[in-house]
Amino acid sequence: MNEPIRLPDLSTDKDFDGPSFSPIYTTTVTVNGGTAGHGRASGIAQSADGALNLNLRMPAELGGDGEGTNPEQLFAAGFAACFHGALSLVARQAALDAASISVDATVAFGRDPGDGGYSLHVDLVVKWPGVPREIAAPLLEKADSLSPYTRMAVQGTPTTITLAPESPWR
């Protein structure tokens, strides 16, 4: 017998009034190995729980062999999944069926004309068959305001970078 999937206890209400960020879930992914002389990630990406374990490779369009996934694909997957989850939440709250929702995330890697560095552009396309545009549009806006990925893209994300201490047994 299949147990029903327990939905997370999340809401769209502004029901948190704490003094600082309050983590609900945390994960760690480590990337190591590979060749990094070209300035692009390669090697192995593995989550602390082992659920994610994959080879990273440069895409053929950037001169790589394309024999694995790349950071832009992972970012697109995370962005699409996050927005899909936010939209599914607001759809359920509006008593709409979220089962047919699909989200395409296109991530483009390129040069930033402002400083010559690298930048990402993201395009999301939502497909929601059977739901009229006038009903879907305000729910897309609400999902946009809820999705941590879209918030990150607009507001930035607090980031700390720390060099780990050397191991004493080296």
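What is the mean pLDDT of the chain, and what percentage of its residues reach 70 or more? The mean pLDDT, the predictor's confidence in each residue on a scale from 0 to 100, is 86, and 85% of the residues reach 70 or more.

**Figure 1. Overview of the predicted chain.** This is a predicted model, in which local features need pLDDT of at least 70 and side-chain atom pairs count only at pLDDT 80 or more, whereas totals for chains, interfaces and linings use all residues. Residues are numbered from 1 along each chain as its sequence is written, and side-chain values use heavy atoms, with hydrogens and water left out. The chain holds three helices and five strands, taken as DSSP runs numbered from the N terminus (helices are H or I with at least four residues, strands are E with at least two), and their order along the sequence is β-β-β-α-β-β-α-α. Confidence is lowest in strand 1 (residues 29-32), with a mean of 88, and highest in helix 2, with 96. Of the 170 residues, 21% count as buried, where buried means under 20% relative accessible area, exposed means over 50%, and partly exposed lies in between (1.4 Å probe, protein chains only).

**Figure 2. The largest nonpolar core.** A nonpolar core is a set of buried Ala, Val, Leu, Ile, Met, Phe, Trp, Tyr and Cys residues joined through side-chain atoms within 4.5 Å, and the largest one here has 18 residues, those with the most contacts inside it being Leu 87, Ile 101, Trp 128 and Ala 143. Helix 1 (71-93), strand 4 and helix 2 (133-146) each supply at least two residues of this core, and helix 1 gives the most, with eight residues. In soluble globular proteins, nonpolar side chains tend to be buried together.

**Figure 3. The surroundings of Ile 101.** Contact here means heavy atoms within 4.5 Å. Leaving aside neighbours within four places in sequence, Ile 101 touches His 84, Leu 87, Ser 88 and Ala 91, and is also in contact with Val 126, Lys 127 and Trp 128.

**Figure 4. The salt bridge between Asp 104 and Lys 127.** A search of the whole structure finds one salt bridge, defined as a side-chain nitrogen of Lys or Arg within 4 Å of a carboxyl oxygen of Asp or Glu. Asp 104 and Lys 127 form this bridge, and their closest N and O atoms are 2.8 Å apart. Because Asp 104 lies in strand 4 (residues 102-111) and Lys 127 in strand 5 (residues 118-127), the pair ties together parts that are 23 residues apart in sequence. Asp 104 is partly exposed, at a relative accessible area of 33%, and Lys 127 is also partly exposed, at 41%.

**Figure 5. Aromatic pairs.** Rings of Phe, Tyr and Trp (its six-membered ring) pair if their centres lie within 6.5 Å, and planes under 30 degrees apart count as stacked, over 60 as edge-to-face and the rest as tilted; by this rule there are four aromatic pairs. One of them, Phe 75 with Tyr 149, is tilted, at 6.0 Å centre to centre and 35° between the planes. Phe 75 lies in helix 1 and Tyr 149 in helix 3 (residues 148-155), so this pair ties together parts that are 74 residues apart in sequence. Phe 109 and Tyr 118 form a stacked pair, at 5.1 Å centre to centre and 10° between the planes; Phe 109 is partly exposed, at 32%, whereas Tyr 118 counts as exposed, at 53% relative accessibility. Phe 75, Phe 79 and Tyr 149 form one aromatic cluster.
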